[in-house]
Amino acid sequence: MHGTPHIVSDVMTPTVTAVGRGTAFKEIVRLMQDRRISALPVIEGDGRLVGVVSEADLLPKEEFRDSDPDRYTQLRRLTDLAKAGGVTAGELMTAPALTTRPGATLAEAARTMARARVKRLPVVDEQGLLKGIVSRSDLLKVFLRDDEDLAEEIRREIVSYLFPLPASAVHVQVHDGVVRLSGRVRDTSLVPVAARLVRAVEGVVDVDFDLDRGCHEPLRPPESPSRAGRP
């Protein structure tokens with residue numbers, strides 16, 4: 001019933017600047033500056049992703065350049081100290097890389113980014129070959145969908161199934177991504193279902209309801225069991 005969600009391949013950048021394991025430190029910095037990016041996928045062979053090198057991987061070289069860390073720091077930041085001595089992408093990269101698939105939904109990719117607190121994800125296929133990269137800003141592109149486009153999808157994919165005519169008469173309006181459903185419905189138990197489905201439409205910011213029963217009795221929340229049967 002519900003329209004297929006947008007997937008990562010719909011919004012990702014397919015042309016990706018990547019480096020090999022042997023790419024030198026200064027070349028990595030130069031590429032980041034030239035491309036205005038903060039991370040580079042590291043690939044080998046026919047494009048298999050083996051890691052990601054980011055600004056965070058490069059900073060330990062500057063941080064520890066003129067310092068002599070104590071024993072506690074050495075133990076606590078062993079990985080950073082190793083990267084401070086790295087001179088190639090293979091020595092500096094974080095591996096294995098956190099990735100997503102072209103067919104993953106935008107919600108799945110967003111959850112992965114949020115949990116790992118990263119700004120972008122390399123996109124790989126089943127063989128681990130690099131196919132693109134998706135960023136936070138790419139995931140937000142769905143909120144640029146036209147209001148009428150959203151309204152039409154909601155009418156076609158949700159309202160026509162949950163609230164068919166003639167018993168129901170539901171109108172859909174969308175303004176700046178906020179959906180408003182108004183009119184009459186026969187079965188009010190379907191309103192929470194409609195809310196969930198509408199919010200799941202890619203590009204919807206929020207949803208509001210102004211629905212009455214078909215007999216014009218105003219919608220009321222279900223009576224709690226503790227109050228049932230009281231005079």
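Strand E2 (39–44), strand E3 (48–54), helix H3 (55–63) and strand E4 (120–124) each supply at least two residues to the lining of the largest pocket, where helices (H or I, at least four residues) and strands (E, at least two) are DSSP runs numbered from the N terminus. This is a predicted model, in which local features need pLDDT of at least 70 and side-chain atom pairs count only at pLDDT 80 or more, while totals for chains, interfaces and linings use all residues. Residues are numbered from 1 along each chain as its sequence is written, and side-chain values use heavy atoms, with hydrogens and water left out.

The largest pocket has a volume of about 390 Å³. Of the 20 residues that line this pocket, Ala 39, Val 52, Ser 54, Val 118 and Arg 120 are the closest to its centre. A pocket is an open set of points on a 1 Å grid over the protein atoms alone, where a 1.4 Å probe fits, with protein on both sides within 12 Å along at least five of seven lines, and lining residues have an atom within 4 Å of a point. The lining divides by residue class as follows.

| Class | Lining residues |
|---|---|
| nonpolar | 12 residues |
| polar | three residues |
| charged | five residues |

Technical notes. Grid points are joined across faces, edges and corners, and a volume is the space filled by probe spheres set on the points. Ala, Val, Leu, Ile, Met, Phe, Trp, Tyr, Cys and Pro count as nonpolar, Asp, Glu, Lys and Arg as charged, and the others, Gly among them, as polar.
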